[in-house]
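Subject: Handing over the structure

Hi,

Here is the structure I promised to pass on to you.

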Amino acid sequence: MAHHKADASKLLDDRGYGGRLIRGQNPALLFETGVRNRITQSYYWKEQCFGLNEATLCDRAAQIKFIGGTTGVNGKPTPFLCLAFKLIQLVPDKSVIFEYLNFEDDGEESDNEGDKAERNGEGEGDEDGDNGIMNGGRVQDPEAAGKRGAFKYLRALAAFYIRLAWEPVEIYNTLEPLLSDYRKLKRKTKEGYAMTYMDQFVDDLLTKERVCATSLWRMPPRSQLEDLDLLDVRESPLQGEVDAMDEDNGEEVEVVESESD
Amino acid sequence: QDWDEEDDVLDIDEIDDRDGIDPEAEYAAWKLRELKRIKREREQIETYEAERAEIERRKNLTDAERE
Amino acid sequence: RQHLVATGQTGEVTRATAEEVHQRLLWLKRKKDEESKGEVLDLDSRLKLNKE
């Protein structure tokens, strides 16, 4: 099907829904009724999301300044949540979602996968402290340097969508690499704004039951999929370091409990 | 109807989400988060294995009783 | 539900391919880079003005 309806009328009308399914279901049902109604009644949805397709949605996503669910007394949905609902409506091809997630500017010198192994290398100085942002900084991790997924809020949006729409093995395999993307994300909460990080957000998606005013469907735990040989054991980029520490101490790593999340 | 973002403008700048301002500190903060995750995963595996061992033990018990 | 149908126009939107999405993002990135460059130039010239 090369077309979809520009508005959500068909999407919300179970009787007439003939669009793409997610795990055999009308994808709109991934959002709770109340939230769905608040989204479709919001100004942002009506004015900014109408008629978007996979490409024009990028224009909006590039302008997103924070993630979040619904806020305020009226439970107003964030643009992030509205665009997530738009994605649910579009059910884009996987290749499109990967583009959102890992978009790289081919014009710039690009790091390939091989460089990931070197990300633990210590002491990579920042020679351009004062104008670090402009030059992309000198961060140890190509994920974090924004070389992949240059639009970080679009990347977060794609991650959120993947958690809702894809299958467990794909979810783990696609989202776990983002656990080393430590770029900052602004998150709108009931009280105001809070700081989170891409890795933190992705970890929430993988471990929490509820994220951004949305109940995440229960997925089998990683260990179960490992037992079935559907997944390999996850290797953290810090694994080497942790193993070395283990040998030194002969006991568990002490992780200092500080920093409230 | 209100422009959805209108009332956000006041306090949105409270949080600075720019990256690469203090790369060392940003990396160090991530490292701490990742170590916590590793620790949590280890604990989960331990619990899971303990549970399975317990199930196995009970199964053996009933087998023994049957015979 | 009725009012949704009433407010919703029934235009159809053509799907975009991954390549089209990529091109769109390239364009948006260039645009963003231009804008931030502009801001820096702006700041530089203002700093200069202040010194003089």
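Helix 9 of chain A, residues 198–207, lies across strand 2, strand 5 and strand 6 of chain A, and it runs at about 85 degrees to strand 6 of chain A. Please keep in mind as you read on that this is a predicted model.

Those strands make up an open sheet of three, in the order 2-5-6 (chain A), and the pairing is mixed. Strand 2 (67–68) and strand 6 (193–197) of chain A are the edge strands, each pairing on one side only. Strand 2 of chain A runs parallel to strand 5 (residues 184–188) of chain A, and two bridges join them. In those bridges, Ile67(A) is partnered by Arg187(A), and Gly68(A) by Lys188(A). A hairpin through four residues connects strand 5 of chain A to strand 6 of chain A.

Is strand 5 of chain A enclosed or open? Five of its five residues are buried, so strand 5 of chain A is largely enclosed by the rest of the structure. In a regular strand, side chains alternate between the two faces of the sheet. Here Lys184(A), Lys186(A) and Lys188(A) point one way from strand 5 of chain A, whereas Leu185(A) and Arg187(A) point the other way, and all are buried.

Now back to helix 9, this time with its helical partner. Two packed helices are described by the angle between their axes and the distance between the axes. For helix 7 and helix 9 of chain A, the angle is about 10 degrees and the axes are 10 Å apart. That angle makes helix 7 of chain A roughly parallel to helix 9 of chain A, as angles under 35 degrees count as roughly parallel. From helix 7 of chain A, the residues that take part are Lys152(A), Arg155(A), Ala156(A), Ala159(A), Phe160(A) and Arg163(A), and they meet Met198(A), Phe201(A), Val202(A) and Leu205(A) in helix 9 of chain A. Sorted by class, this contact has seven nonpolar, no polar and three charged residues.

Nonpolar side chains tend to be buried together in soluble globular proteins. The largest nonpolar core in this model has 60 residues, and Ala84(A), Leu157(A), Ala159(A) and Tyr161(A) have the most contacts inside it. Several helices each supply at least two residues of this core, among them helix 5 (79–90) and helix 6 (94–102) of chain A, and also helix 2 (18–51) of chain C. Helix 7 of chain A gives the most, with eleven residues. Which residues does Leu157(A) touch, leaving aside its neighbours within four places in sequence? Leu157(A) is in contact with Ala61(A), Phe80(A), Leu83(A), Ala84(A) and Tyr100(A).

Helix 8 of chain A is worth a look too. Tyr172(A), Thr174(A) and Leu175(A) are buried in helix 8 of chain A, and what covers its buried residues includes helix 7, helix 9 and helix 10 (222–227) of chain A.

Leu230(A) sits in the loop between helix 10 and helix 11 (239–249) of chain A. Leu230(A) is partly exposed, because 15 other C-beta atoms lie within 10 Å. Neighbours within four places in sequence aside, Leu230(A) is in contact with Val169(A) and Leu225(A). Leu230(A) and Val169(A) are 61 residues apart in sequence but 6.9 Å apart in space, C-alpha to C-alpha.

Finally, some overall figures. Chain A has eleven helices and eight strands, and 42% of its 261 residues are buried. Of the contacts in chain A with a separation of 6 or more, 63% are between residues 24 or more positions apart. Chain B has one helix and zero strands, and buried residues make up 12% of its 67 residues.

Enjoy exploring it!

Best wishes

Conventions
Residues are numbered from 1 along each chain as its sequence is written. Chains are lettered from A and ligands numbered from 1 in the order in which they are written. This is a predicted model: local features need pLDDT of at least 70, side-chain atom pairs count only at pLDDT 80 or more; totals for chains, interfaces and linings use all residues. A residue is buried if 20 or more other C-beta atoms lie within 10 Å of its own, exposed if 12 or fewer, and partly exposed in between; C-beta atoms are placed from the backbone. Two residues are in contact if their C-beta atoms, placed from the backbone, lie within 7 Å. Two strands pair if DSSP finds at least two bridges between them. Axes are lines fitted to C-alpha atoms, for helices over the stretch in contact, and angles run from 0 to 180 degrees between N-to-C directions. A nonpolar core is a set of buried Ala, Val, Leu, Ile, Met, Phe, Trp, Tyr and Cys residues joined through C-beta atoms within 7 Å. Angles under 35 degrees count as roughly parallel, over 145 as roughly antiparallel, 65 to 115 as roughly perpendicular and the rest as oblique. Ala, Val, Leu, Ile, Met, Phe, Trp, Tyr, Cys and Pro count as nonpolar, Asp, Glu, Lys and Arg as charged, and the others, Gly among them, as polar.
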